[in-house]
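Here's a walk through a model and a few of its helices. Have the sequence and the 3D view open as you read.

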Amino acid sequence: MDGELDLAHSLEVEDHLRTCASCAHAYRSLQGLRSALQTDTLYYRAPAGLEARLRAALPQPGRTQRARPILAWRSLALAAALAIVFLLGWGLARLRPASPMGETLAQAVVAAHVRSLLAAQPVDIVSSNHHQVKPWFNGKLDFAPPVTDLADSGFPLVGGRLDYLDGRRVAALVYKHGRHVINLFVWPDPNAPDRASRMTAEQGYHLISGTRAGMDYWIISDMDPGELQQFANRVESSL
Amino acid sequence: MPDPQGHRDFEQTVLPHLDAAYNLARWLTRNDQDAEDVVQEACLRALKFYSGFQGGDGRAWLLAIVRNTGYTWLQKHRVREQALPLEETHDLIPDGGCGPEELALRSVDKEILRQAVEALPIENREVIVLRELEGLSYKEIATIADLPIGTVMSRLARGRQRLQRDLAARMNEEV
């Protein structure tokens, strides 16, 4: 249930669940509980402005450390309020839909994901070896996408293909987690500062997007948000 | 400490996990303002200890600091949990009488679910949050909470059990 048992024990448990009604009932109940727990509504995201307040309160290099950081932070909060409002406005403006048809990038990502699942197979290069997948993009893209295999975290690489998002050719890397297919779209955004990963929901899917080391990335899957975030963290640290 | 590059590295390692830090702090302290205070203090400590960070999973590293900071904060600020009686439960198989209510947990009112998790004793609540909301493995939870893996497993099992019983009871009350 937690994906922690080795294969031999997992098979034993599955066998037992097939024949033992009360255990199967208990298993289903627990799964029901876990699904309820794993939805977004119980997850507390950092409130708007906390990041800005933290940056302001962290000791800057060269300055002397404040004696009572927490009190200083509280008095800064008021002063920073105007700056935060400005930043929010600017941040919201960046989220305007890019396409003239009014489709947002998130919607385009969902469409690309669904199309990939409708096709005969979601990849054009089938390989779990990133040494094969990465060079496949040579000559097809004007950048070299970062490709890593995350099988040791439970997310094996299935392969790659080209896709089209935000008005440009992008790399689509496909991973699997159990029976879930994950699409990771990556393209360069060379002057963009790092942006912490954000989870959004679109048409029933969970998406995570961010910017790291000059690469924009979008991740989409029908996994639960917790596992999706796990995958995103692995991806982010590999960029 | 004049180290601009190190400072930037720190921000890049830590700030992407701000949501995870706040989420854990919020479930530990059960209060928005207190959670912010804990996150604030945890980040300051993280900055202080950043030179000891070997790389790897920034989220787990930060969450371990948040967890410690949270516990220290709770001790310092009086919060003494109501010691709920520990039920002596001998097995994890529920008795026959609870069928449909348990399976209906998927559609349980979110507020009731939130209250049920909040009502858990802190040692069960933290592992439930780390497992179900953060998707961390037993080993990662054991590292963050500084517990043996066996303890993580039993606290998780107890937490899930208590939630099931608590939710079944609350939903029965509504009828």
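## Helix α4 of chain B

Start with the length of α4(B): its 19 residues, at 1.5 Å a residue, should span 27 Å, and the end C-alpha atoms do sit 27 Å apart, so the two agree. The expected span here is 1.5 Å times one less than the number of residues. Helices are DSSP runs of H or I with at least four residues, strands are E runs of at least two, and both are numbered from the N terminus.

Buried means 20 or more other C-beta atoms within 10 Å of a residue's own, exposed means 12 or fewer, and partly exposed is in between, with C-beta atoms placed from the backbone.

## Ground rules

This is a predicted model, where local features need pLDDT of at least 70 and side-chain atom pairs need 80 or more, while totals for chains, interfaces and linings use all residues. Residues are numbered from 1 along each chain as its sequence is written, and chains are lettered from A and ligands numbered from 1 in the order in which they are written.

## α2 against α4

Helix α2 of chain B (residues 18-29) packs on α4(B) at about 25°, axes 9 Å apart. Axes are lines fitted to C-alpha atoms over the stretch in contact, and angles run from 0 to 180 degrees between N-to-C directions. The pair is therefore roughly parallel; that label covers angles under 35 degrees, with over 145 roughly antiparallel, 65 to 115 roughly perpendicular and the rest oblique.

On the α2(B) side, the contact includes Leu24(B), Ala25(B) and Leu28(B), and on the α4(B) side Leu62(B), Leu63(B) and Val66(B) are among the partners. Contact means C-beta atoms, placed from the backbone, within 7 Å.

## α3 against α4

Helix α3 of chain B (residues 32-48) also packs on α4(B) (residues 58-76), at about 125° with axes 9 Å apart. That angle makes α3(B) oblique to α4(B). Among the contact residues are Asp37(B), Val38(B) and Ala42(B) from α3(B), and Leu62(B), Ile65(B) and Trp73(B) from α4(B).

## Chain A overall

Chain A has seven helices and seven strands. Of its 239 residues, 28% are buried.

How values were computed
Contact = placed C-beta atoms within 7 Å.
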